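Subject: Structure handover

Hello,

Please find the structure below, with notes on what was found in it. The notes begin with the contact between the chains and then turn to each chain's make-up.

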Amino acid sequence: MVFNSIKFVVFVLPVLFLYWSFFKKSKVAQNVLLLASSLFFYAWADWRFLFLLIASIIINYYLALKIRKEVDDEAKQRRFLYIGLVFNVGLLLYFKYFNFFYESFVELINVFGITSSYTTLSILLPLGISFFTFQTLGYLIDVYNEEIDPSHNFLEFSLFVAYFPKILSGPIERATKMMPQIQEKRAFSYELFVDGLRQILWGLFAKIVIAENCATIANPIFNNYEDQSGSTLILGAFFYAIQLYADFSGYSNMAIGLSKLFGIQLMRNFATPFFSTNISDFWRKWHISLTTWMMDYVFTPLSFSLRSYQKNGLIISIIATFVLVGFWHGANWTFVFYGLLHGIYFIPLVYSGKMNTSEIVAKGKFFPSIIEFIKMLLLFILIMATDIFFRANSIKEAINYIISIFSDDIFSIPQGLFNSNYLITIFLIFIFFFIEWNNREKKHDFEINNYNIFLRWSSYVFLFLLILFFGKSSETFIYFQF
Amino acid sequence: MLKSFVIKLFIIAITFITIYIFFIDKLSKGFVDTNYNKFTQEASGLIIGLSRANEGISPSIIEEELKEYNFFNKPIVNFAFNEAHFGEVYYEAIKKKIKTDNGLFILSISPGNFTSPLGLDDKKVFEYDERLTLGKINNFVSSPNYNYIINVYGASLYNSLHNLDQWNHRVSHLDGWNEVKLASKLDTITDKDIEYWKSLTLKFYEQKIKTEQISSYRHNYFIKTVEYLKTKGEVFLIRMPSDSTILKIENSHWKNFDFEMDSIAKSFNIPYLNYSKKSNNYKTYDGSHLESESAKEFTELLSKDIKNNLVE
């Protein structure tokens, strides 16, 4: 049941109606309805793992309480934290990475001449496991570090973990931000509700217009890359980079917008990342909920422990963090390499001392300077090249793709460039980024509440028509697989 | 305030839905997609199978050749397409499509009809099929078929104004046949193109072999389908001509395929017409699918053979 389906609309409209009518009188009633809806939503997506989700909620709830209870005994506290880490990481390792490690191990011993074969286990990946596991892990660590109080209300904690707008693909929410909202009764806010609808509209446009149209061009190119000219392969990588961004940011905007309809604000997940001038800035704006999680729970402690190695320690911490970021995406060496490359891109910044440079490009102006434009373009090319690893089935395939780009026909006219499908998609991408550029200083890409009524309604109608005419159906999101 | 807001939302939703329905309807009056015409009428005869039959057998030629027989109170429809593997989903769709007790049913078979993704058990093969076209709709006979357009049509509605997705070499007939012409108004498919596409087809087959398995579930439903169709009229099993290299790959992975199919045909007392050995007489545009002229010639031969069998 994806957000952009009729089934989902049929599911969510009655929930919304009940929420703001019969259930609005108390926070308990609101939370009960949201939790019941969330469990139903998850069961609809994959009922087989509903019990796993419930088990995860119960165990993490209990462990957090035990950690706080043993506040005077650090050894015991740590023991409960470790149990939590082992449980949550264990879930991920088993369901997501078991076959990967097993295959890699057998292939490794084969390299050393010990012939062995393997039969992979048929392990299904529970939907949203990477997202809800990271959320509960962060919660336990925060409780251990006394940054938050553990929840003493099972209903509220369950909702924090299972809340349906974010359960399948995030954002990876933090208890510090979300729990206080769940602990209060939500009052209907017209402004928030309308803002949520706007964000959903924008997310829909990004997903079913931009991402899906890019996919129809990128997929055949990637699937038959051996037979394409170098210039066509560049075009394929370009469209895939846009597809990946529009797909995931579109999903995130829909999730965040949907949550606003229930009066709960989730954290921003994308902040116009392609308008960045360096890789550090890019990662402050790309999949923000994952990046900040990794910064808080991996990078910061690691870089602190390696601080005596100065810049080299910092580089090791960054690369290790980004390898983990890559690996979080999936059990494939391509993702590890994807993360590694991003980590390597940071090295010049570390040595030049510009790692913390982050600012809104061309703030207060319409056009960027030439230098800013060149920096953005170069960064986009780097991201585009790295995304080839994200898309490819193996590192070998990605490298072959890149090698094939640098063939004799790299400067030829890409196949199909002047087809109407290509031209329309390029036109749509232009509109997409034009609107993003205009709103790059705002809280989200389609925050247009300060527009006058005519411009605001023209924008709605324009997006509606683009969705209606150029939208393509889609039943999944790229990030569902993670 | 809340009340006026809800009314406003309601008006917007109704406006949007009205515009959507208007363009859906407009789309239904023109070219929707290559499979749409297979789902817009009841049938008294069906061509069943995958893409080879989809592009290689013209129902109108069969109707013309066999008009002396009392088969066709309803049209014969090419109900073959590349997602139509044997299974419960296809079986149920066939049952809903047929409106006769004296029809003509041509089942085009090759090893491909019996494959499913590697590692799937029967239940999962069924679930896999359910996610494809036939599983998404429950109406196979209406014109216009909004059920199909809303649930299956995946391209943009802009196509209702100017179709971007129609290949200029393909003609999608109202009887479900997808004819592929070598020459179009814009260009001609050359022998070089054919060689190139054939190499892609071969590559596709090589990939497919690694990721697919012969499924007993599909085999069982094939038998079940034949059993059912026998109660509804005359049934013919055929194997279509294709490129010799591709046939060789198929035969190497199911060595006694023809023998087994022939045995099944005999057990049901129906003919098995194997045209794969006559492949050199026909031309494909990609190694697997017949181009227009060959498709017509082949359908004529098939019609004659059916006629001969009916006389016997």
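**Where the chains meet**

The contact between the chains takes 13 residues from chain A and 15 residues from chain B; two residues are in contact if their C-beta atoms, placed from the backbone, lie within 7 Å. On the side of chain A that touches chain B, the elements giving two or more residues are helix H18 (420-438) and helix H19 (453-470) of chain A. Helices (H or I, at least four residues) and strands (E, at least two) are DSSP runs, numbered from the N terminus. H19(A) provides the largest share of that side, four residues. By class, the side of chain A that touches chain B has six nonpolar, six polar and one charged residues. Here Ala, Val, Leu, Ile, Met, Phe, Trp, Tyr, Cys and Pro count as nonpolar, Asp, Glu, Lys and Arg as charged, and the others, Gly among them, as polar.

This is a predicted model: local features need pLDDT of at least 70, side-chain atom pairs count only at pLDDT 80 or more, and totals for chains, interfaces and linings use all residues. Residues are numbered from 1 along each chain as its sequence is written, while chains are lettered from A and ligands numbered from 1 in the order in which they are written.

**Chain A overall**

Chain A has 19 helices and zero strands. Its C-alpha trace spans about 70 × 70 × 45 Å along its principal axes. Of its 482 residues, 42% count as buried; a residue is buried if 20 or more other C-beta atoms lie within 10 Å of its own, exposed if 12 or fewer, and partly exposed in between, with C-beta atoms placed from the backbone. Among contacts in chain A with a separation of 6 or more, 72% are between residues 24 or more positions apart.

**Two domains**

Chain A is divided into domain 1 (6-188) and domain 2 (192-275 + 360-481), with bounds from an automatic or database domain assignment. Their C-alpha centres lie 29 Å apart. The contact between them takes 16 residues from domain 1 and 17 residues from domain 2. On the domain 1 side, helix H1 (6-20), helix H7 (164-167) and helix H8 (175-182) of chain A each supply at least two residues. That side divides into eight nonpolar, three polar and five charged residues.

**Cores**

The largest nonpolar core has 124 residues, and those with the most contacts inside it are A:Leu140, A:Phe160, A:Ala162, A:Ile210 and A:Cys214. Such a core is a set of buried Ala, Val, Leu, Ile, Met, Phe, Trp, Tyr and Cys residues joined through C-beta atoms within 7 Å. Helix H10 (residues 230-261) of chain A gives the largest share of this core, 18 residues. Leaving out residues up to four places away in sequence, A:Ile210 touches A:Phe205, A:Ile242, A:Ala246, A:Leu428, A:Ile429 and A:Phe432. Apart from this core lies another, of 61 residues, including B:Ile48, B:Tyr217, B:Met261 and B:Leu290.

**One annotated stretch of chain B**

An unreviewed UniProt entry lists residues 6-24 of chain B as "transmembrane region". UniProt positions are given in the numbering used here, feature names are shortened, and annotations may be inferred rather than shown by experiment. In the model, residues 6-24 of chain B are 100% helix and 0% strand, and the end C-alpha atoms are 26 Å apart.

Regards
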